[in-house]
Amino acid sequence: MDTRVVEHPLAKSRLSTMRDARTGSSAFRAALQELTLMLIYEATREAEVIAEPIHSPVARTNGYRLAHPPLLVPVLRAGLGMADQAHKLIPEAQMGFVGLARDEETLQPTPYLESLPADLSDRPVYVLDPMLATGGSMVHTIRLLVERGATDVTAICTVAAPEGLRRLDESGLPVRVVTASVDDRLNESGYIVPGLGDAGDRAYGAV
Ligand SMILES: O=P(O)(O)OC[C@H]1O[C@H](OP(=O)(O)OP(=O)(O)O)[C@H](O)[C@@H]1O
Ligand SMILES: O=c1cc[nH]c(=O)[nH]1
Ligand SMILES: [Mg+2]
């Protein structure tokens, strides 16, 4: 599985702000947005473009636009913190939504929202979720996409655990990962170590 770790100094700086337990909700959301910008920028680096003639005030030249605007799919709640920034960078993208809550005992994702286009064939999909821990939530989401014909899925995560990456790889699903860090491991409660805690709670408050 293709896994790209964005090692840029500014990405490291924003991720450090998110990891820091002293960072409050507002600053956490701001850092998540800024890091999302960098992750999307890297994720689209090789995206196919269509050239079309345009006129600058000085001369005729080529303009470019994305050949295949993606579907963006934030996984609620935490992925919502990435959605607006990703949409600003790719305004021509469409957005779908998946809502999942991980059971704290079993670590299994419980679905509560699914709002996706029926046909995703020939359309790249970017799944937005800050945390890839056991990988259960991401596998669940990508299965929903593949059922609708998706063959080109990118998981955009701020932090990934080796266990989640292994699970995604072994799933055989058509996915690549763009992340700012592959952390050390999961702890006995299924949290990423060192991680940043519960991303949804840090961005929006505990539920
Ligand atoms: O890889 P996994 O083990 O499935 O864990 C990762 C999931 O856990 C978090 O969501 P959570 O269930 O806490 O929901 P929330 O965003 O509403 O807090 C996170 O945003 C992922 O969706
Ligand atoms: O460390 C973790 C693991 C799952 N979900 C989170 O928000 N954080
Ligand atoms: Mg949470």
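Donors to a metal are taken here as N, O and S atoms within 2.8 Å of it, or 3.2 Å for Na, K and Ca; water is not among the atoms, so sites may look incomplete. With that in mind, the magnesium ion, ligand 3, is coordinated by Asp198 (OD) and Asp198 (OD), at 2.3 to 2.6 Å.

Colleagues, a word on conventions. This is a predicted model, in which local features need pLDDT of at least 70 and side-chain atom pairs count only at pLDDT 80 or more, while totals for chains, interfaces and linings use all residues. Residues are numbered from 1 along each chain as its sequence is written, chains are lettered from A and ligands numbered from 1 in the order in which they are written, and side-chain values use heavy atoms, with hydrogens and water left out.

Let me turn to the fold. The chain contains six helices and 14 strands, where helices (H or I, at least four residues) and strands (E, at least two) are DSSP runs numbered from the N terminus. Its radius of gyration is 17 Å, close to the 17 Å that the globule rule gives for 207 residues, so the chain is as compact as a globular protein of that length. That radius is taken over C-alpha atoms, and the rule is 2.2 Å times the number of residues to the power 0.38. The C-alpha trace spans about 60 × 40 × 30 Å along its principal axes.

Of the 207 residues, 47% count as buried; buried means under 20% relative accessible area, exposed over 50%, and partly exposed in between, with a 1.4 Å probe and protein chains only. Among contacts (heavy atoms within 4.5 Å) with a separation of 6 or more, 64% come from residues 24 or more positions apart.

I return now to the metal site and its surroundings. Asp198 sits in the loop between strand E14 (192-193) and helix H6 (199-204). Pro194 is placed in the loop between E14 and H6 as well, and the peptide bond from Val193 to Pro194 is cis, with omega near 0°.

What kind of peptide bond joins Leu76 and Arg77? That bond is cis, with omega about 0°. Arg77 belongs to the loop between strand E4 (71-76) and helix H3 (80-89).

As background, most residues other than glycine have a negative phi, and most peptide bonds are trans. Which residues depart from the phi pattern here? Leu107 is one of them, with a positive phi of about 65° although it is not a glycine; Leu107 lies in the loop between strand E6 (97-102) and strand E7 (109-115). Asp122, also not a glycine, has a positive phi of about 65°. Asp122 is found in the loop between E7 and strand E8 (125-128), and at 72% relative accessibility it counts as exposed.

Two buried residues conclude the survey. Is Ala160 buried or exposed? At 0% relative accessibility, Ala160 counts as buried. Ala160 belongs to strand E11 (residues 159-160) and, leaving aside residues up to four places away in sequence, touches Leu132, Leu165, Thr179, Ser181, Val182 and Asp183. From Ala160 to Asp201 the separation is 41 residues in sequence and 18 Å in space, C-alpha to C-alpha.

Glu42, in helix H2 (residues 25-43), counts as buried at 17% relative accessibility. Its contacts, not counting residues up to four places away in sequence, are with Arg4 and Val6.
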